[in-house]
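Here is a short briefing for a first look at this structure. Keep the sequence and the 3D view side by side as you read.

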Amino acid sequence: MSYLSTQYEDQLKKEAEKAEKTGKLTEKQLEIIYSHKLFNLFVPKSSGGLELDLISGLEIQEEISKIDGSLGWTVTLCSGANAFVGYLSPDLVKELFCNPQVCFAGSGKIGGIAQETQDGYLVNGKWSYVTGTPHTTIFTANCQIQREGKLLTNADGSPYYKSFFFNPEEVTIIRDWNTLGLIATASHSYEVKDLKIGFNRTFSIDGASRTIDHLIYQYPFLTFAELTLTINHLGMQQHFLEQAQLIFNSIKEPVYKDFRTQLLEKSKEKIETKRDLFFHYATISWKELQTQGQVSEESLQKINELCREIVKEGRNTILEIYPYLGIPAANPDTEINRVLRDILTASQHILLL
């Protein structure tokens with residue numbers, strides 16, 4: 001069952017071409033996102049969210065990514081970042097999530113240094129690939145901590161860091177998102193220079209720091225990220241096959257007709273099989289958390305491997321179809337070309353390489 005009505009899906013689809021040309025989601029798309037709380041899939045109802053479980057959230061993300069890659073990617077990354085609500089103090093949650101258009105966005109990279117001061121931190125840094133910069137209300141970042149002139153490290157020598165958040169007026173956007181696809185995600189970089197902030201601007205995404213006792217915040221965040229990114233790939237792969245079917249149906253020449261039919265059916269079967277496995281193991285992991293209080297190492301490893309298989313094999317599958325689609329698929333103004341470019345760009349995310 002679809003979360004969005006056909007009316008809203010059609011509106012979002014119609015806006016996709018305009019979004020790509022302007023390099024950001026359109027006002028109409030954002031209006032639908034806000035009204036349907038798509039950035040707040042995993043946020044508690046008490047804070048204006050939908051309070052979904054893992055599987056329900058993944059199903060909606062798949063639905064959105066089948067409409068358009070940039071749209072789905074933005075909803076997924078921003079709703080994942082808004083899930084940080086589960087690790088913030090109640091006062092901050094009340095302050096930040098009173099805005100119905102709240103949107104967290106940032107980078108997992110340790111891209112800055114936070115120098116400890118008497119009353120907080122002095123922060124300098126730059127972070128790249130921040131999805132949704134034009135409509136972000138809270139920017140997040142990881143910074144290595146500096147104390148008395150020395151960069152701190154953990155016992156194993158890795159950087160000791162904390163997560164921070166900044167307001168839009170405290171950051172400078174660097175418009176450097178220039179890619180083959182996912183253009184409307186507007187995943188630009190941002191930087192801060194000599195920014196003074198208080199101690200209350202930090203948070204940690206781990207079980208010990210959880211402030212809301214909902215099951216979704218107990219789910220391992222790395223695996224959560226792998227699943228949510230991969231469901232976007234599955235949605236975009238299905239979108240590509242739908243567009244390929246339309247093109248094949250329109251070709252009148254008998255050359256390659258049987259081959260095209262067989263190739264498309266084989267490709268649909270491959271992707272559907274991977275989708276079934278995806279939801280099978282995602283559901284197992286969620287039930288383990290519900291019944292045992294944690295996700296087994298076996299499930300975590302299987303999901304890790306499966307997500308990479310889905311990205312790699314799905315990309316190879318669509319590239320096998322591409323040579324038989326004709327000139328329309330080579331035209332950057334066509335829908336199928338946009339889907340192809342989105343898939344190729346999304347497949348470069350470091351988490352799923």
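Start inside the protein: Thr230 has 0% relative accessibility and therefore counts as buried. Bear in mind that the model is predicted. The points below begin with this residue, then move to a loop, a surface patch and a set of strands.

**A buried threonine**
- Thr230 belongs to helix H6, a helix that covers residues 221–250.
- Its accessibility of 0% falls under the 20% cut-off, so Thr230 is classed as buried.
- A polar atom of the Thr230 side chain lies 2.7 Å from the backbone oxygen of Glu226.
- Which residues does Thr230 touch, once those up to four places away in sequence are set aside? They are Phe278, Cys307, Ile310 and Leu352.

- Leu215 sits in the loop between strand E8 (202–203) and helix H6.
- Is Leu215 buried or partly exposed? Its relative accessibility is 26%, so Leu215 counts as partly exposed.
- Beyond its neighbours within four places in sequence, Leu215 is in contact with Trp286, Leu289 and Gln290.
- Take Trp286 from that list: 71 residues separate Leu215 and Trp286 in sequence. In space, their C-alpha atoms are 9.1 Å apart.

**A nonpolar patch on the surface**
- Three residues form a nonpolar surface patch: Val255, Tyr256 and Phe259.
- Together they have about 310 Å² of accessible area.
- Val255 lies in the loop that runs between H6 and helix H7 (257–292).
- The relative accessible area of Val255 is 52%, over the 50% cut-off, so Val255 is exposed.

**Strand pairing around E2**
- Strand E1 spans residues 104–117, and strand E2 spans residues 120–130.
- E1 and E2 pair in the antiparallel sense, over six bridges.

**To recap**
- Thr230 is buried, Leu215 is partly exposed and Val255 is exposed.

Conventions
Residues numbered from 1 in each chain as written. Predicted model: local features only at pLDDT ≥ 70, side-chain atom pairs only at ≥ 80, totals over all residues. Heavy atoms only, no water. Pairing = 2+ DSSP bridges. Helix = DSSP H or I, 4+ residues; strand = E, 2+ residues; numbered from the N terminus. Buried < 20%, exposed > 50% of the residue type's maximum accessible area, 1.4 Å probe, protein only. Contact = heavy atoms within 4.5 Å. Polar contact = N/O pair within 3.5 Å; in protein donor to acceptor, adjacent residues only side chain to side chain. Patch = residues over 30% accessible without salt bridge, like charges linked within 9 Å, V, L, I, M, F, W, Y side chains within 5 Å. Areas by Shrake-Rupley, 256 points an atom, 1.4 Å probe, with all protein chains shown as cover. Salt bridge = Lys/Arg side-chain N within 4 Å of Asp/Glu carboxyl O.
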